Amino acid sequence: MRILKGLGFLALAGFILLPLVQTVMVSFTSTLPRDEMDLGSLTFLNYLNVFRTERLADSLVNSIIYVTLNVTICLAVALPAAYAFSRFRFRGARAVFFALLAFRVTPTVVLSLPIFLVFAKVNLLNTPVGVALAHCVFNVPIAIWILESFISAVPREYDETAFMDGHNYRSFILRRLVPVIGPGIGTAAFFCFVFSWVEVVLARTITITDGKPITTAITSLFGFNTDIGLVMAMTTLSLIPGLAMIWFVRNHISRGFTIRV
Amino acid sequence: MTRDLRAWLFLLPALSIIAFVGGIPIAINTWHSFFDILSLDERFWLGLEWYQALLTSERFYSSLLRSLCFSLAVITIQFPLGLFIALSLPKSGWVRSLGLILLALPLVVPWIMIPTMWVSLVDLESGYLGRLMAWAGIDFDYKFNALHTWILLLLMDTWHWVGLVAILACSGLASISPAYYQAAAIDQASRVQVFRYIEAPKLKGVLIMALLLRFMDSFMIYVEAFSVNAGGPNGATTFLSLDLGEEINGFNYGPAAARSVVYFLMTLGIVYAFWRIMRAEKSDEVTA
């Protein structure tokens, strides 16, 4: 039985790691005929080429900008909302939760044309700010749910003591609540970061000429004579934020997919 | 309910953003769908014509059927597998931590990279899996063999998402107090009974959540399916979203707007059904 379980675990690990190992291996391989080295030899050249190619390096910067911006916006608006859901009973709460749920799961391809048309009117196309805002449609609900579950774990008496000490809502949330739900804020930030980082349809639709994300840059590498080594180097680089995130939230991974009704 | 207004004040920033990037775009888009849009300034009122054309086209229903089949296949594969993984993982220790980290890995890979990785993996000349199949004499041709395209898509989707089902199931299992297991051991309950009476009720909630997430994402699969074979061969993997993507990319704004509305309404219907089930589940928990 133990041996069987061990084999099962190895099979699972193999299945999950195989595509990743292939990707990393190819990223260190020269895949185009070059004068100075043989096809298939091991090299760091692909990574050097990523940083030498301006649009690739730029796209990395663009992605980091809009993802960071998205995390900031999501946390700022989700924190008061999560507090309201945790502490107040009010009419319409159910309707709001339904709306959050609906926008959380609406496929981005369905939203891409509507958002594109609105952003074209208000000049939000081709900028990381636009992408950061667009990604709020699924990240704000996620951040609200994660924060709400952490805030609900704090006893109400904690709030009341602070109010007696003369705190108003604003100073209570910022000075008293934020420190005690630190892990929750970290978890919410990491999930917003990752969901924004992996999204491609919206990011691509609203950046046609400028502000292109890493995902578009990779697609643009495919052509008549694709340097697959370069593609894989770019792919490997794009995995790093996600790997870091898993490490930081390893105890809270299931929270990122929580839905509260 | 004296605190009504204060709560809404706290919700205002979040709701404004969601309205700006969700509600308002959908509303404007719905308005657009009643027109023939030649350019942003020139358009003609058509009423429901786009909807009529879409809902009477055979292609819409065959794509719908394909998407439903894909979702069904995805759920049939990933739920038993994910549940099995969650039940087999030890309850504590480094094997569990390592397992959870492994399961989470594919979830953080940018979606566009996943087809690239898999296409490279099954390449008959350079991919590990491709060379293995070539060696075994399997002529894997995902470009021109519809069955092979489906297999690749399902394999890739399972790789990407089985971890989500397993992780959610694990979190459901972790919420069961050890006292229940001890009581079951004293009663000499069988493994099947433990699952049926102790684990299954606790898993229900998280599995409904997983089902909603998995159903929506597979039903409207776009990036992965498009990058592998662009809906081919011969439309065998043309799912709902691929039709929409084609219209958007072809600047067919009128039909695309109508189609977006139809798909959004389908999403609302599905979400509403799940929402009712989740609420019923929650009130069961409270009374139990």
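1. Starting in chain B: the side chains of B:Lys204 and B:Glu281 pair up in a salt bridge, 3.8 Å from N to O (a side-chain nitrogen of Lys or Arg within 4 Å of a carboxyl oxygen of Asp or Glu). B:Lys204 sits in helix H9 (residues 191-219) and B:Glu281 in helix H12 (residues 253-287) of chain B, so the contact ties together parts 77 residues apart in sequence. Helices here are DSSP runs (H or I, at least four residues), numbered from the N terminus.

2. Ground rules: this is a predicted model, where local features need pLDDT of at least 70 and side-chain atom pairs count only at pLDDT 80 or more, while totals for chains, interfaces and linings use all residues. Side-chain values use heavy atoms, leaving out hydrogens and water, residues are numbered from 1 along each chain as its sequence is written, and chains are lettered from A and ligands numbered from 1 in the order in which they are written.

3. On accessibility, B:Glu281 is buried at 12%, whereas B:Lys204 is partly exposed at 45%. The cut-offs for relative accessible area are under 20% for buried, over 50% for exposed and partly exposed in between (1.4 Å probe, protein chains only).

4. B:Glu247 and B:Arg259 also form a salt bridge, with the closest N and O atoms 3.0 Å apart. The pair links helix H11 (residues 240-249) to helix H12 of chain B, twelve residues apart. B:Glu247 is buried at 16%, and B:Arg259 is buried at 7%. Through shared partners, B:Arg59, B:Asp243, B:Glu246, B:Glu247 and B:Arg259 join into one network of salt bridges.

5. Over all chains, the search finds nine salt bridges.

Terms used: Helices (H or I, at least four residues) and strands (E, at least two) are DSSP runs, numbered from the N terminus.
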